[in-house]
Amino acid sequence: MLVFLLGTGVWLTLQLRFIQVRHLGKGFKLTFAPLFKKEKSEGINSFKALATSISAQVGTGNLAGVATAIASGGPGAIFWMWISSFFGMATIFSEAILAQKYRVKKGSHFVGGPAYYIRDGLGSRWLAGFFAIAIIIALGFIGNMVQSNAITVAMNQAIGVDSLPINLVIGVIIAFFVGLILFGGISRISNFAGNVVPFMALLYIGGSLIILISYADQIIPTLQLIVQAAISPEAAAGGALGATIKEAIRYGIARGLFSNEAGMGSTPHAHAVAEVKHPTHQGLVAMVGVFIDTVIICTLTAMVVLLTNAHQSGLEGSAITQEGFARGLGSFGIPFIAICLLFFAFTTILGWAYFGEVNVKFLFGDQAVGVYRSVVLIFIVTGSLVQVDFVWEIADTFNALMVIPNILALLGLTKVIKSTWQQTL
């Protein structure tokens, strides 16, 4: 899977001539341009589409996932997370282009995603069906268990109580508010994401920067540790005991994928609905999502965890990140990260539930949506009651099942991606 994902990212990077280096700046301009335009569009603009995408990308992968990667693979895992995000920008650019090119109009909005470009572009109905089933299970069901589980763990640590009845109440409350927004469709989801995502990102970045400033003298040595541990874990002072290069790569790439979702085939569903002048415009916007998710937010999490040595606390998952913020911000740290994680995971649940919904419609039509939404809410409640390591392992497995057909489509449609991109040059 590592070769499959990284290899595809490298291939697309070369085919697109390092587009993530040459045109990332243009991506930022296209992303924020709708915020400064006075005219109103009846559809969903590129910023709201990106906000919906980032709402799915920025979740437990940025907090619990980064902490887990460091605890399991050592500080070097962060280096490999950076590598995956660099090549992932080319991958997600390609996904967004195909999502735009092969989308279809249903009612007042467009709909699209890997199932559509696998069926209509690659010409494989059975592979499209396989992907659709995989993403429904991986994100709509299992993935949202991860999110509700992370919220529950964070709340437990914030209030200092961990019991099944309380966890059940937390799960029911999460499911209730998700249902209120989810049953409003993509318009309500995109509007909610467009308002909440910028706020939650700035809140988290601000808190992280306060800690980094207080540990300013250790920032450069910590960055050196990350690079050294990626190449030679045994020689890196402070590295995780027994961590090997293989483990650093495995956990770095796995958590990087779970965080920015490049190559997974999830975020194209959000990029497909954007109303833009050309498919490549949304492709450039999609790259910004990976940059914000991994290069900025994941790196800030990693720095907080490493600077405060929270990864050596013996805790797991989001509790490691909470410990880092508690050490950096004092007593305010635990409720702060609990609030951030609540926003992150909640918006991710909405994004993932919508992605699964698109594929339910693809397979079974609109009549199955109500049943699907109800099952999602059940899984959300269930996620608040299970063990975190068990949920992570299942999530990784089903993520892989999503990746395979999506990557095959990206490789098979590389010429389409290149020709579409060249139309704007």
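Which residues does Gln282 touch, not counting residues up to four places away in sequence? They are Ser46, Ala49, Leu50, Ala96, Gln100, His271, Ala274 and Val276, where contact means heavy atoms within 4.5 Å. This is a predicted model, in which local features need pLDDT of at least 70 and side-chain atom pairs count only at pLDDT 80 or more, while totals for chains, interfaces and linings use all residues. Residues are numbered from 1 along each chain as its sequence is written, and side-chain values use heavy atoms, with hydrogens and water left out.

**Gln282**
- Gln282 lies in helix 14 (residues 279-307); helices are DSSP runs of H or I with at least four residues, numbered from the N terminus.
- Gln282 is buried, at 0% relative accessibility (buried is under 20% relative accessible area, exposed over 50%, partly exposed in between, with a 1.4 Å probe and protein chains only).
- The side chains of Gln282 and His271 make a polar contact at 3.0 Å (a pair of N or O atoms within 3.5 Å, one able to donate a hydrogen and the other to accept it).

**Salt bridges**
- The count is four salt bridges, each a side-chain nitrogen of Lys or Arg within 4 Å of a carboxyl oxygen of Asp or Glu.
- Arg373 pairs with Glu357, with the closest N and O atoms 2.8 Å apart.
- This pair links distant parts of the chain, helix 17 (residues 369-383) and helix 16 (residues 333-364).
- Arg373 is buried at 12%, and Glu357 is buried at 3%.
- Glu357, Lys361 and Arg373 form a network of salt bridges.
- Glu323 and Arg327 form a salt bridge at 2.9 Å, N to O.

Notes
Helices (H or I, at least four residues) and strands (E, at least two) are DSSP runs, numbered from the N terminus.
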